[in-house]
Amino acid sequence: MSAGSGPRPLAEAASVSKRYGSFAAVDEVSMQVRPGEIVGLLGANGAGKTTLIKLLLGLAVPTSGTATLFGQAPDRATRRRLGYVPQGLGLWEALTVAQNLHFANAAFGAADSHLTPALEAVRDRPVSAIGLGLQRQLAFTIALAHTPELLVLDEPTSGVDPLSRARLWDAVHAEADRGAGILVTTHYMQEAQQCDRLVLMSRGRAVAEGTEKDIIGTTTACEVDTDQWSTAFDALDRAELPVTLAGRQVRLADTPPETVRTALTAAGISAQVHEVPATLEEKMTVIDRATAHS
Amino acid sequence: MWAMILKEFLELRRDRRTMAMIIALPLLLLVIFGYAANFRVDDLKTRVVGPQAAQVAQQLEPPFDVTSVRPAEGRADGEKALRSEKAAVVVVTSARPGPPTALIDGSQLFSAQSASAAAAASNGALRPQVLFNPHLKTSWVMVPGLVGMIMAFIGTIVTAIGLVRERQAGTLEQLAVMPFRPSDVIAGKIAPYFVLAAVDMVLVTVIGCLLFGVPFSGNVAVFALGAALFLFVVLGLGVLISTLSQNQGQAMQMALMTVMPQILLSGMIFPLTAMAAGVRWIGYVLPLTYFNMISNGVMLRNAPISSLALPLGVLAFMAVLVFSGAVLRFRRDLAPSAPRAVPAKAPALAGEAR
């Protein structure tokens, strides 16, 4: 979805920057979240994802550019239409599960909402006494209780087991189907497939945008087939090539096959080298390297 | 072991506030105890009334410092002057033969002790009579002061720690994205501490009065007004400290640095009049000093509101100043200024992978 097309953005950053002295936490980033779409904000730790979210929510003031919610500067009215799950979950640990929900409902003027069966079983226990998985469920339930038009989730699956992660993504998709816009940050590249559109961040900059396929584009990687995978890895590493291991599979992103073959031959290693499409993670590494050199 | 020692020094070097406290606190205590820790009052503000006032005033020697001679006034006027803290001692003379009566304000414990001792040493030239605290009980003077000290503790330390805990837990950020007005959050956060401190204040006052027989001779409403103003000041200090602290340890340090001088320099322990002038002025910028004047005046002397206008006014001024500053800073944390449209270069993102 290109800027300017489709329904009005629920959240929009226009060339927004946030600088702390000479350090740019967010550097000239432009992005939008529209109704019904799941936008994934991807990047390594420290890439600027959380700062960008804070700018969009009005929790930080941009050094330059604008960040808007529902077409205006974030204020009390726009926040009423928003559901937010921060990285730290934002739950009051001394309050019980039910008291946390009741407080949030009162704050948003929402009707009493129901807890999931798992949360219902611990409704009178303090949040500090329930597990992280249930805490995440509760934070998510609270964020959804007032049927927000925009849902902002900062690292929602961090520390969550695979089953709970799958359930959470089901819930996110259900919200998007209802028409809510979702902005979700993650550093798990595998979760990119869950998003309609991705914004890749590196060193404060939005370095790529689109679907996973768009972002990977024509970037390839070399797969090295050999029984001597460990020796091959060491040899390629010594040759200062960007080698990675996926299990026992030796891979090199954005490296010509001839370069790999030459390095292996020089080390006396017999191997088959295939050129395959790069993964999103590899593309991210390539972009990150390019950003670091620029 | 050396590695451990080095690591500790490196950590301490980075913790500037702790380092400042390690250096500043001993210096502060040295100055305070050197110049302020003095229980002996050498100057007693004295008024002489009655027909023989002029003659008696000339005969009075230190520590009596005659500041006013009023032959036309009598004992009732003298008591009124003591009640309004216009004098520490009023010498009442009469036309009849016999020594004049020295009315001594017992609510100023150390002044009263000095005055009693001086009167006793006058070989019958003065007949001392202690008012408001006839047996010069320390508890009678300490309880009104303790009320303020407890409010300062709750208002400043507990409030600051409570607010910083919210920030550390990340829930302050959650409150900021909820549809609350900043004033809702601030009022909601402060109200429970205000109520708790007020309940504590009532408890300490009532139990202090029952347990130690301290009189509550004045107007409850005046006392409540003073307490409310003082609470706003100390709560404001708590909020202000919370906005300046990154964690609960820092908040605790800073809060202690504001409460400690109040305990030592407000006149609650060491009389302000006995302090060196260089230290005394610190006492006069501390809110507890003014609350002590009010609580002491109302509880022990039945001081009228007109005589407490100065401490009430100063506390009101401090409340407005500190609380406004605190609210503005807290508000800035909760809701930063609205993003401004700043001209920027062309968007960095063109919609394609680069």
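**Exercise 1. Locate B:T101 in its strand and state whether B:T101 is buried or exposed.**

Step 1. Strand β4 of chain B, residues 101-105, contains B:T101; strands are DSSP runs of E of at least two residues and helices runs of H or I of at least four, numbered from the N terminus.

Step 2. The model is predicted: local features need pLDDT of at least 70, side-chain atom pairs count only at pLDDT 80 or more, and totals for chains, interfaces and linings use all residues. Residues are numbered from 1 along each chain as its sequence is written, chains are lettered from A and ligands numbered from 1 in the order in which they are written, and side-chain values use heavy atoms, with hydrogens and water left out.

Step 3. B:T101 has a relative accessible area of 9% and is therefore buried (buried: under 20%; exposed: over 50%; partly exposed in between; 1.4 Å probe, protein chains only).

Step 4. Leaving aside residues up to four places away in sequence, B:T101 touches B:R75, B:V90, B:V91, B:V92, B:R127 and B:Q129 (contact: heavy atoms within 4.5 Å).

**Exercise 2. Describe the domains of chain B and their contact.**

Step 1. The assignment, from an automatic or database source, gives domain 1 (44-131) and domain 2 (138-334).

Step 2. Taken over C-alpha atoms, the centres of these two domains of chain B are 35 Å apart.

Step 3. To the contact, domain 1 of chain B gives 10 residues and domain 2 of chain B gives 12.

**Exercise 3. Which residues lie nearest the centre of the largest pocket, and which helix supplies the largest share of its lining?**

Step 1. A pocket is an open set of points on a 1 Å grid over the protein atoms alone, where a 1.4 Å probe fits, with protein on both sides within 12 Å along at least five of seven lines; lining residues have an atom within 4 Å of a point.

Step 2. Of the 41 lining residues, B:E85, B:Q108, B:L272, B:T273 and B:M293 lie nearest the centre.

Step 3. Helix α12(B) supplies the largest share of the lining, seven residues.

Step 4. Domain 1 and domain 2 of chain B each provide at least three residues of this lining.

**Exercise 4. Identify the members of the largest nonpolar core that touch the most other members.**

Step 1. A nonpolar core joins buried Ala, Val, Leu, Ile, Met, Phe, Trp, Tyr and Cys residues through side-chain atoms within 4.5 Å.

Step 2. Among its 92 residues, A:M31, A:L52, A:L57, A:L150 and A:I182 touch the most other members.

Step 3. Helix α5 of chain A (residues 132-144) contributes the largest share of this core, six residues.
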